[in-house]
Amino acid sequence: MWVFGYGSLIWKVDFPYQDKLVGYITGYNRRFWQGSTDHRGVPGKVRRQPAPALTAPGAPPQLLARLCWTCTRPGRVVTLVEDPGGCVWGVAYRLPVGKEEEVKAYLDIREKGGYRTTTVLFYPKDPTTKPFSVLLYIGTCDNPNYLGPAPLEDIAEQIFNAAGPSGRNTEYLFELANSMRNLVPEDADEHLFSLEKLVKERLEGKQNLNYL
């Protein structure tokens, strides 16, 4: 049994596997449209409310305006969205022979926050290896944690503020972006890398504000 990872399964591999291959699947795009209430956020409604007024002499007004909007509850993590022309790079893991069901049971618990499984065709990066079927976890639009599309600025703000039992949502984003950059330098995942840039700008802005 092979399992395809396109999110945290790429960089947080806390399960045994026998082999792994870098490659891609088709017919989908990767999007930060799935809510996380058990790992990178907590249960509750997504909302924005004015934070207490920030007073910092000399701080850029646009920075203050941005930082005055706080309060998100769930985090945002990736799921797959159907697109006939889409392509998603990731890592396929071969589960240990004889322990497939045991490892899958663990992954079912890890991915319990709105994900279901389906089977797709995986294309290894190495062209000498033939495509083969893999299992993947996907959060479809009918699951209770699905948040759906939103302006990138709003998604970045939610990721910037969210945290949960597994840590800050920013860690999830940065680890995924760094992993994809290292594994597949030629892949230009605009959605992923645009969010990385927006969230880093917020972190830099917060650091600059602290120095004022």
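Reader: Which residue in S7 does Phe4 stand opposite?

Author: Leu136 in S7 stands opposite Phe4. This is a predicted model, in which local features need pLDDT of at least 70, side-chain atom pairs count only at pLDDT 80 or more, and totals for chains, interfaces and linings use all residues. Residues are numbered from 1 along each chain as its sequence is written, and side-chain values use heavy atoms, with hydrogens and water left out.

Reader: What makes S1 and S7 a pair?

Author: Two strands (DSSP runs of E, at least two residues) pair if DSSP finds at least two bridges between them. S1 (residues 2-5) and S7 (residues 132-138) have two bridges, in the parallel sense, so they pair.

Reader: How many bridges join S1 to S5?

Author: Four bridges join S1 to S5 (residues 75-94), and these strands run antiparallel. Trp2 has Arg94 as its bridge partner in S5.

Reader: Why are Trp2 and Phe4 called buried?

Author: Buried means under 20% relative accessible area (1.4 Å probe, protein chains only).

Reader: What makes a set of residues a nonpolar core?

Author: The set holds buried Ala, Val, Leu, Ile, Met, Phe, Trp, Tyr and Cys residues joined through side-chain atoms within 4.5 Å. The largest such core has 47 residues, and Phe4 and Phe32 are among those with the most contacts inside it. S5 gives the largest share, eight residues.

Reader: Which residues does Phe32 contact beyond its neighbours within four places in sequence?

Author: Contact means heavy atoms within 4.5 Å. The partners of Phe32 include Arg76, Ile155, Leu173, Leu176 and His191.

Key:
Buried < 20%, exposed > 50% of the residue type's maximum accessible area, 1.4 Å probe, protein only.
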